[in-house]
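Good morning, everyone. Please take a look at the structure on the screen, and I'll walk you through a few parts of it.

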Amino acid sequence: MNPMNPTTDEQQLSIVMAGHVDHGKSTVIGRLLVEAGALPQGRLEQVRETCRRNSKPFEYAFLLDALKDEQSQGITIDAARCFFRTAKRRYILIDAPGHIEFLKNMITGASRAEAALLVIDAKEGIRENTKRHGYMLSMLGLRQVSVLVNKMDLVGYDETGFRRIRAEYEAFLGHLGIRPVSFIPVSGMQGANIAARSPETPWYDGPTVLEQIDAFQRREFPESLPFRLPVQDVYKFTARGDDRRIVTGTIETGTIRAGDAVVFQPSGKTSTVKSIEVFNRPPRDTAAAGEAPGFTLTTQIYIRPGEWMVKAGEPPLKTATRFRANLFWMGRDPMVRGKTYKLKLGATRSPVKLVEVLAVLDATELSTVAGKQQVDRHDVAECVLETPKPVAFDLVTDLETTGRLVIVDHHEIAAAGIVLAAVESAESTLQEHVRAREIAWKPSAIAAAERARAYGHGAKFVVFSGPADGAADAHARALEQALFDRGFKAYYVGMESLERGLDADLGEDARDDRIRRLGELARILTGSGQIFITSLSGADADDLRILGQLNHPNEILTVSVGGDEPSAPATSLRLDPAGDIGAGIARVGELLKARHVILDYVI
Amino acid sequence: MDTLERLEAHSVHILREAYREFKSLVMLWSIGKDSTVLLWLTRKAFFGHVPFPLMHIDTGFKIPEMIAYRDRIAREWGLDLIVGQNTAALEAKQTFPDGALTRVECCKALKSEALKHTLSGEWPRRRLNPATGEFEWEATREAFSGVIVGARADEEGSRSKERYFSARDRQSEWDVGDQPPELWKQYKTDFAPGTHVRIHPLLDWTELNIWEYIERESIPIIPLYFDRGGGTRYRSLGCLPCTGCVKSPACNVADIVEELRTGRFANVAERSGRAQDQEDGGGLETLRRGGYM
């Protein structure tokens, strides 16, 4: 049999090897390979002979080192993984380095695994990384953990010692919600309870390591849970006459059929699945968790990547701008308040800020460190995070995989985390910012009312929104012209005009920052008594709300020209993009009059 | 879902993630089985379309059938194909076949260097004009920041240390020891200006998975992999002077699948026919640190 070449009918399972440094992971792996018959012929004898000649005691770890250089011998072993098989199936054993410096590799490895073998030295007992790795496995959602109490030969196969370690570690893992599937007393060196039951442990009646790994279950895709599709992208490829608009993503949980009514979160838009598309196959009727098909919808709605598609009638995700999460911080710099990070949750990408550190957990002791204001490297922290716009998520206690997030700092994933709860917030950080700004603002000696009297009209921020078809823009410019012709102080600036100026330091994907600057600019221009007009394509209700808040204490008027936001309370007026611009502008004028911005208005 | 369906869905997810996150994206196409499967998966991910250019580094010593096959598929599927070459080294005869360099040095010059400078747009490159079906010199040469590569972890030791999204610095160097974590389908998609990211959608596939998938999907594959009468075939494709055949009577995809399933090559590395790997012990890891794919 060849470990490199399984048949696809055959199952494959990934197992991560975790545990404190020097607790004997390599020895256990080496022994496991020997017992599973995964080694090239004669290789074991050869390494034993080399050790004898160099007067070194043979260790299985040497065997692993020797094999690392031997790709051509048909076995793949390296710092990261090795392959072997039992009579039942094929295995990928992922070696997670026990040293704290390698936690990023440990997490990467463990997140790819479906089960874990955690090695503890019977003599040394539970050490720092024994606990830390236990914590990581819990956070990563690995539920199948078998604990190998190794080096039993060095403690005379003492049952009492084994039971003590078992009780202590069971209690620790219990706090994390992990119940190990087994504790196995082993000796990697002597081969005790690896493949064959050891006569030295007559008091042990559980499985051997090989029996245990064969008993691990393969992760199945959760079809019985509510349907969750993180919208990874929306395609409209026009090449060769393709006119499909396809919503894509990998289904996290649940199943869906053509004809099902769907809701997008957080936007709240609704539609119905028209077809389920795959390449080089006819459209399908159903799709389920784990699959990555495409969906066409019966209606033309504007969906952004990063939303979630869920089924109408099933429990929706929670949406909030503030939430409580547990984070494991791996970043080079500590996580601090006031700094903007990037959140990735499902397909969602959003700026995020640390609002409050509720508790920092010492992962090794599971004790709480009080009064910390920041999250340091390798800390596990419960904290409150805030996004400028609502994001949708499941609580990790409701649906595990869709409550997982990572945080990016310095272009790298700096934290892994799970969402614990949505938080009602009295005041957003944006509102706090505006309040602080207004306190610092030195008021002009000329009152706003005096200015309005002198100019013959009040100040206003008028925002036209809609799809990127130019209609909103055309209306905005027409309003500027009409107001100017009446002698009003009206001024139009579009977002693109700021690109090389005010926004020159911002990157392409800094849309939220650009909106923020536009809002600040509006505050200044409306403060001068002018009617400041702008147009925004693809703005959603949250963008408009944010602009309104930033323009405070002055007033905003928002006009949607063909926008499809289903519930935009911030929108004051909706215009038909195909309608006559003059008539549309007249309606805006009516509204300005009704709001006492202008006293009289006739076009 | 069976193993191939799982692998396919995951690769498709990675390809879509790359397309979403990288403005200037390119896929390396070596004409071999892995990158041709990658190309097929791209058509899966994008519903028949290939929404980014492909790049082939032509060392000038490739097995001639590879170039013919490349151009035929590119024209048939309407691919946006870019071809780069170290013309200076070829003209100066600074290569292994000319006796001027060792095999590893030659790889570095004709592949690593050519790739680096073709990706960055520094060196001239030819691009297939889909309208005429002819190659034309590119007037303006975009620098690519996301490079999709068909590397598999089981193929060779150093590749098993790869991430799905792997950052390279300005010198195309790879810091194996200090790579960012990767978990829960979240990858490194943010990068500092001047760096680029390699994307590996096939990392979890084995050689057998590749052939089984070619069989299941009926993917057109270059016939060099088949025995055409001499009792030998190529198992891995490269340059003519440095690529050897394996003894094998497999003359179609089904034969190869069967051959791999029965473990005929259990003790022979897939790249054993690639002479440069043997030249200095860890040849490929040395090359990879310096930018080899």
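Start with the contact between the chains, where contact means heavy atoms within 4.5 Å. Chain B gives 62 residues to it and chain A gives 76 residues. Arg20(B), Phe47(B) and Trp184(B) supply 16% of the area that chain B buries against chain A, more than any other three residues. Buried area is the accessible area (1.4 Å probe) that two parts lose on being put together, summed over both. Between chain B and chain A that comes to about 5700 Å², and carbon and sulfur atoms give 50% of it.

A word on the source. This is a predicted model: local features need pLDDT of at least 70, side-chain atom pairs count only at pLDDT 80 or more, and totals for chains, interfaces and linings use all residues. Residues are numbered from 1 along each chain as its sequence is written, chains are lettered from A and ligands numbered from 1 in the order in which they are written, and side-chain values use heavy atoms, with hydrogens and water left out.

Next, charges. How many salt bridges are there between chain B and chain A? The count is 6, a salt bridge being a side-chain nitrogen of Lys or Arg within 4 Å of a carboxyl oxygen of Asp or Glu. One pairs Asp190(B) with Lys342(A), with the closest N and O atoms 2.7 Å apart. Which elements give two or more residues to the side of chain B that touches chain A? They are α1 (3–21), α2, α6 (207–217) and α7 (253–261) of chain B. Helices (H or I, at least four residues) and strands (E, at least two) are DSSP runs, numbered from the N terminus. The largest share, 11 residues, comes from α1(B).

Now chain A, helix α5 (residues 128–140). Its end C-alpha atoms are 18 Å apart, which agrees with the 18 Å that 13 residues should span at 1.5 Å a residue. The expected span is 1.5 Å times one less than the number of residues. In α5(A), 12 of 13 residues are buried, among them His133(A) and Tyr135(A). Buried means under 20% relative accessible area, exposed over 50%, partly exposed in between (1.4 Å probe, protein chains only). Just after α5(A), Gly141(A) has a positive phi of about 85°.

Last, Gly133(B). This residue sits in the loop between β4 (126–129) and β5 (134–137) of chain B. Buried or exposed? Gly133(B) is buried, because its relative accessible area is 12%. Leaving aside neighbours within four places in sequence, Gly133(B) touches Arg75(B) and Leu128(B).
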